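Could you have a look at this one with me?

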Amino acid sequence: MTIPRFDHPGLEAWVREMATLCEPDEIEVYAGTLPEYDALCARLVRSGTFRKLSDEKRPHSYLAETDPADTARVEEKTFICSTFEGDAGPTNHWVDPGAMKARLLPLFRGSMRGRTMYVVPYSMGPVGSPLSRIGVQVTDSAYVAVNMHLMTRTGAPVLKALGASGEFVRCLHSCGRREPPAACLEGWPCDPERMAIAHFPEERAIWSYGSGYGGNALLNKKCFALRIASAVARDEGWLAEHMMVLSVTNPEGRKRYFAGAFPSACGKTNLAMLRSALPGWTVKTVGDDIAWMRFGADGRLYAINAEAGFFGVAPYTSPKSNVNAMKCTERDAIFTNCALTPDGDIWWEGIGFDAPAGTIDWKGRARDASAEADPALGPLAHPNARFTVPVSSCPSLDEDWDSPSGVPISGIIFGGRRSTTEPLVYEARSWEHGVFLGASLSSETTAAAAGQVGRLRRDPFAMLPFCGYNIGDYFAHWLSFARNPALSLPKIFHVNWFRRNAEGKFLWPGYAENARVLKWMFERCDGTAGAIDSPVGFLPTIRNFDVQGLDMPISTLEQCFALSAGEWREEIDLIRRHLLSLGDRVPPQLYRELAKLADRFAEPR
Ligand code: GTP
Ligand code: SPV
Ligand code: MN
């Protein structure tokens, strides 16, 4: 093992330290080139992690199947290791930093024996932008390295931007090894029992052991760009958010940008890539998962996409629901935990056609079309199956997606999966009210995280699993912007695409039709669309909501907007309990907003 030379002495010392700890056979610095990417993919095919898909069907693309014990983020094993427990707050699992290191050091010791350690330098945000930050990940997973190649800006240009003394977030990752050596799926080492994803916000470091999957292992994403970056952003006066960013252009050619926070698997990618159902209105994509935002000298809020690729939910992506995502995945893609058709292509539930006979499910079992219906075998693609593609593959990419100064945000959208209670869309009365909407955001849980699916949980700002510090302080940080009169604060909206009727069917068609909601928001920002002052906020009137060409009965649309006082009184109780559960750092303004909401729904005396 030779330690590579770097122009940055601090980086070289850290790589040496990590190599001494993990004892890899070899070290490779990832320079971010296509030949390197191809060579690593070929290596992954040889090791059994990747299967190359048919070049006719899906050129230059691969399928990985993970160990069945390693298929989603594991929130129970994710830790914020700040010096003081109160700084991690009530929404995080806290462990003392020293204790966590004492627990993990023996696991990392020798964990890379017989493996290569890849050193992956990457930039979150455009290389060299004042809004961007650099991280370096060492990992014993070539799968992680090639995913990072697609999802971030990697390699030599990043090292150049780092210079000899630049700051970087230190990201240590090992898939680990089960002890005693148990049968991991071939090509997918992991150690699910002892898995830990540990964050040291004060040191700006991340140690992740035991998982090779998604947000547990691609440390640039949730670990750095949200958990560490949110803490940095609080210190420096900006925002690191679990938000998609899109542009809407009206028929006159005027453009506005919106940022939107939805919990995992609740529709960010679909909204960001939406193909508008409204003639003359166009939607373009800036980012689908993580936005870093800062107020500019002109007082407006500017956002960059911290990433350079998409790690999208595969199931139910179809030419009908998301044609742009389907186009993104036509070539140059990595698929994880999708099913494999006999002709060497991928398949998933909801892709728009039946699985051909002989399709192999994500667990490697051959299934015929009739088996699709066999509930005992489960779905053919894992519900959290994903595709990884570079943003450059996206036909709806906004011209300014990569602008170093970011794009100006007109409105912020919060939304979750709610079968009841929450109407299709409404607008907050003020910034404080909007922060209250973010703080009380809720959703029925999805397969993006390990655990029960469909359970209602509060997910403030869609950041419950991602806020790297005390959530009460986070709310206060958001509220603080209202005290600066020089800022032009974006409007704040709340949406719910997922309301259901008594039979359990979605009331709202969603997807392309969501353009109607975006249009209303656009015109609210212009000051041209009317609204009703309702107890929850400003609701569109049917007259101000574009229904032309919308194929649904008006009575169903009315159900989408209906407010049930009974449901809302229950909701208010749930929100109160939620805020109380978050401890004494929750700002009093949020209780005031709750009291105002309760007043508006109070029974007449
Ligand atoms: P993460 O990558 O986990 O952060 O997820 P995401 O927020 O980007 O969610 P995504 O857009 O991938 O959507 C997840 C699921 O929600 C998919 O199964 C979609 O089909 C479904 N979905 C998205 N938009 C809509 C909608 O407007 N209506 C309905 N009914 N379902 C939707
Ligand atoms: C999410 O769960 O919000 C994701 C997928 O975007 S992961 O990268 O696994 O966090
Ligand atoms: Mn996400």
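1. Ground rules. This is a predicted model, where local features need pLDDT of at least 70 and side-chain atom pairs count only at pLDDT 80 or more, while totals for chains, interfaces and linings use all residues. Residues are numbered from 1 along each chain as its sequence is written, chains are lettered from A and ligands numbered from 1 in the order in which they are written, and side-chain values use heavy atoms, with hydrogens and water left out.

2. Domains. The protein splits into domain 1 (9–30 + 79–218), domain 2 (241–308 + 402–600) and domain 3 (310–393); the bounds come from an automatic or database domain assignment. Taken over C-alpha atoms, the centres of domain 1 and domain 3 are 29 Å apart.

3. The interface of domain 1 and domain 3. Seven residues of domain 1 are in contact with eleven of domain 3 (contact means heavy atoms within 4.5 Å). About 750 Å² is buried between the two, with 67% of that from carbon and sulfur atoms; buried area is the accessible area (1.4 Å probe) that two parts lose on being put together, summed over both. On the domain 1 side, L150, M151 and Y213 lose the most area to domain 3, together 66% of what that side buries.

4. What holds polar atoms there? The rule finds three residue pairs in polar contact across this interface, both residues at pLDDT 80 or more. A polar contact is a pair of N or O atoms within 3.5 Å; within protein, one must be able to donate a hydrogen and the other to accept it, and residues adjacent in sequence count only if both atoms are side-chain atoms. Helix α5 (residues 142–151) gives the largest share of the domain 1 side, five residues; helices (H or I, at least four residues) and strands (E, at least two) are DSSP runs, numbered from the N terminus.

5. Ligand 1. Of the 22 residues around ligand 1, A265, K268, N270, R386 and Y511 come nearest (near means a heavy atom within 4 Å). Oxygen atoms of the ligand are 2.9 Å from a polar backbone atom of G267 and 2.8 Å from a polar side-chain atom of K268.

6. Backbone. E179 and P180 are joined by a cis peptide bond, omega about -5 degrees, and P180 sits in the loop between β9 (169–174) and β10 (196–200). D332, which is not glycine, has a positive phi near 55 degrees; D332 is in the loop between α10 (323–328) and β19 (334–336).
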